[in-house]
Amino acid sequence: MPVKIQTRPVNQNVLDDLLTAGADPLIARLCASRDVQSPAELDDKLAGLLPYQSLTHCEAAARRLADAIERKEKILIVADYDADGATACSVGMSGLAAMGAAVDFLVPNRFEHGYGLTPELAEIAAAQGVDLLITVDNGIASIAGVARAQELGLDVIVTDHHLPAETVPDCIIVNPNQKGCGFPSKSLAGVGVIFYVLMALRAELRHRNYFSDELKEPNLGELLDLVALGTVADVVPLDHNNRILVSQGLKRMRSGKMRPGIRALFEVARRDWRKAQPFDMGFALGPRINAAGRLDDMSVGIACLLARDDAEAQALAAQLNDLN
């Protein structure tokens, strides 16, 4: 049977503009067939990211988180059990801790708790003395879980990217795909959404003169290795905004400026981090993290990503490699 090869149509006007701007001919043709609209979209500088102010309720979430930090409330992250959820949880844990938050995480076990923030998880959180729940990569469908948490006196922030149903939880929701959100990039992964919330939170705390010599303002760019990994592993479209996040994360990896857990995953997968590519994240690192959520407990994957030293990271990466 003959093989039928399908080719993408090339936007000739865009191709001409890219070539005029000095783009490599092959790159120009690839981009002109993948919805790139102008040479400006080839720029991967962080300054080109869409502003967090355009993401609905992002600033409201930041204000509630800032209040929780200043009041020393206990924050609990409820994560999903795939690579996007694991990286999103790790970004939330690292970023919030760097801003002085008292934060922990709980990831559902797919064999015991089901998916997302359930009423049972809300009760577990309340028993731990939690004041504020924040979901990452889930929660847009957790109507009963959010309601139960609120009955127990917990506030809830949902950060998610999945498409909502007609009815959504009655709480602060940050999701580019929620009704009425004008954020141009609808393709943010869950890890990208929590990264945006952290950018807004840092700005809010800066406005409150919170940072000092004792607690300096964190460099959120240090989280971009995680953001890149989760974005690629979740197979979301790489629009301009996501390409910036992934490109910057790849640059950190290739220069060795990555956390021990990601370096260890490169090593057990026998991939060279000095030549890191999206392929490595999608087909080598991501599946090893996903294996924990599918076969055992995603807490192992999150612990690997949060490991503070090489020895701990290598031991956890070996566990993930065995599961995979």
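**Entry 1: the β-α-β unit**

I began with the unit formed by strand S1, helix H4 and strand S2, which is a right-handed β-α-β unit. The model I consulted is a predicted one.

I looked up the pairing of S1 with its partners. Strand S1 (residues 74-79) and strand S2 (residues 102-106) run parallel and are joined over five bridges. At residue level, I noted that Val78 has Leu106 of S2 as its bridge partner. S1 also pairs with strand S3 (residues 132-136), again in the parallel sense and over five bridges. Here I recorded Ile77, whose bridge partner in S3 is Ile134. I noted the general rule that side chains in a regular strand alternate between the two faces of the sheet.

I then asked how many of the six residues of S1 are buried.

**Entry 2: the largest pocket**

The largest one has a volume of about 800 Å³. Its lining comprises 26 residues, and those nearest the centre are Cys31, Arg34, Leu238, Asp239 and Arg243. Two or more lining residues come from each of helix H2 (25-32), helix H8 (224-233) and helix H9 (240-254). Which element gives the largest share? I found that H9 does, with seven residues. Sorted by class, the lining holds 13 nonpolar, nine charged and four polar residues.

**Entry 3: the second largest pocket**

For the second largest pocket I recorded a volume of about 440 Å³. It is lined by 19 residues, with Ser94, Leu223, Arg259, Leu306 and Arg308 closest to the centre. Helix H4 (83-98) and helix H12 (299-306) each contribute at least two residues to this lining. H4 supplies the largest share, five residues. The class count for the lining is 11 nonpolar, five charged and three polar residues.

**Entry 4: two loop residues**

I looked up Gln178, which sits in the loop between strand S5 (172-174) and helix H7 (190-207). Is Gln178 buried or exposed? It is buried, because its relative accessible area is 12% and the cut-off for a buried residue is under 20%. I also checked the polar surroundings of Gln178: a polar atom of its side chain lies 2.8 Å from the backbone oxygen of Ile173.

The second residue was Glu41, placed in the loop between H2 and helix H3 (58-70). With a relative accessible area of 17%, Glu41 is buried as well. Finally, I looked up the separation of Glu41 and Val193. The two are 152 residues apart in sequence, and their C-alpha atoms are 21 Å apart in space.

Key:
Residues numbered from 1 in each chain as written. Predicted model: local features only at pLDDT ≥ 70, side-chain atom pairs only at ≥ 80, totals over all residues. Heavy atoms only, no water. 1 Å grid on protein atoms, 1.4 Å probe; cavity = no way out; pocket = protein on both sides within 12 Å on 5 of 7 lines; lining within 4 Å. Points joined across faces, edges and corners; volume = space filled by probe spheres on them. Helix = DSSP H or I, 4+ residues; strand = E, 2+ residues; numbered from the N terminus. Nonpolar A, V, L, I, M, F, W, Y, C, P; charged D, E, K, R; others polar. Buried < 20%, exposed > 50% of the residue type's maximum accessible area, 1.4 Å probe, protein only. Pairing = 2+ DSSP bridges. Right-handed = clockwise from strand over helix to strand, strands pointing away. Polar contact = N/O pair within 3.5 Å; in protein donor to acceptor, adjacent residues only side chain to side chain.
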